[in-house]
Amino acid sequence: MTPQQQQQSQQPAEGNIFAYIGNGYYHFTAAERKVADYVLNHSTEVQYMSISDLAEECGVAEATVSRFCRQLKLKGYNAFKLALAKATVAEQGSVAPVLEGQEGNIGPEDSLSDLCRKLYAAQTAAIGQSMSLIRPEAINRAVDLLCQAERVYCMGQGGSLILSWQAAHLFSTVSPKFHFSQDSHLQATTAALLTERDAILFFSYSGSTKDITELMGLAKKRGASIILITRFSKSPGAARADVVLQCGSFESPLQLSSIPAEMAQLYVVDVLYNEFVRRDPETARKNQERIAEALAEKHI
């Protein structure tokens, strides 16, 4: 078998993940069949679940879900969700998944007014979900860590990197201790030199990337505190964080980024920021005035 043929044999047919599950059903173990049954009956919902969530729903171990994915000749759970998303889109014929349960997906038959209404519904729903997921005790604990830290580094990768920059910019208008690291290499350098007096405000929608586990491992060794903003409270990143702040919104595996997901995370940032300012409003006001005076020279 050539390397190309071997690679093809390791991948399910394009858009045919449901057929693979059906064809291999009776070769699965009893536990793996529980996963197969759930996936076939909840194919859309599974796209937005972490491996921990799916395992819990099926009543099996995470290792069972991983084995199930390998039985389908997929590299892992993320590859499985991507194949599932492709097959679902092919079946439903949708072109731009919005937010499940919010008036459906955007389709070619929609008018521009329909598109605007559905996007508005998706974004407002994402913020509403985030509000319902906020735990006051977690917010208070996170702000405690931000206030106590000598330095706070805002970090993330991909689309989350942009969100971390926005957070660093916002907080830096009221305090000089907030910093932004531009890429994964600089973040690793920063994490290696952290102390127990430092904190990280980390953004990761999935909470399940190699970068997040590596960076958090470095930060924990150095004794730094970690605050994680994520969609999934049961993820490798969440397990390592000192405080987990959960955001709303669902993001399809086919969406590398979505505005509703970003809006949901920024809403959590805004809650954090305003509570941080409330702890010391006088210092925040003075810093804002100094910055406003400095920036006034930039305007014509």
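## Terms and basis

Contact means heavy atoms within 4.5 Å. Helices (H or I, at least four residues) and strands (E, at least two) are DSSP runs, numbered from the N terminus. The model is predicted: local features need pLDDT of at least 70 and side-chain atom pairs count only at pLDDT 80 or more, while totals for chains, interfaces and linings use all residues. Residues are numbered from 1 along each chain as its sequence is written, and side-chain values use heavy atoms, with hydrogens and water left out.

## The sheet

Five strands form an open sheet in the order E2-E1-E3-E4-E5, with parallel pairing (two strands pair if DSSP finds at least two bridges between them). Strand E2 (178-180) and strand E5 (243-246) stand at the edges with a single partner strand each, so one side of each has no neighbour in the sheet. On average, neighbouring strands are turned by 20° against each other, direction ignored (axes are lines fitted to C-alpha atoms, for helices over the stretch in contact, and angles run from 0 to 180 degrees between N-to-C directions).

Strand E4 (residues 225-230) pairs with E5 in the parallel sense over four bridges. Leu-228 stands opposite Val-244 in E5.

## Helices on the sheet

Helix H10 (residues 159-172) lies across strand E1 (151-156), E2 and strand E3 (198-203), and runs at about 150° to E2. Helix H12 (residues 210-221) packs on the sheet, touching E3 and E4, and its direction makes about 155° with that of E4.

## The buried face of H10

Among the buried residues of H10 are Leu-161, Leu-163, Ala-167 and Phe-171 (buried means under 20% relative accessible area, with a 1.4 Å probe and protein chains only). Their cover includes E1, E2, E3 and helix H14 (259-279).

Note on methods. Buried < 20%, exposed > 50% of the residue type's maximum accessible area, 1.4 Å probe, protein only.
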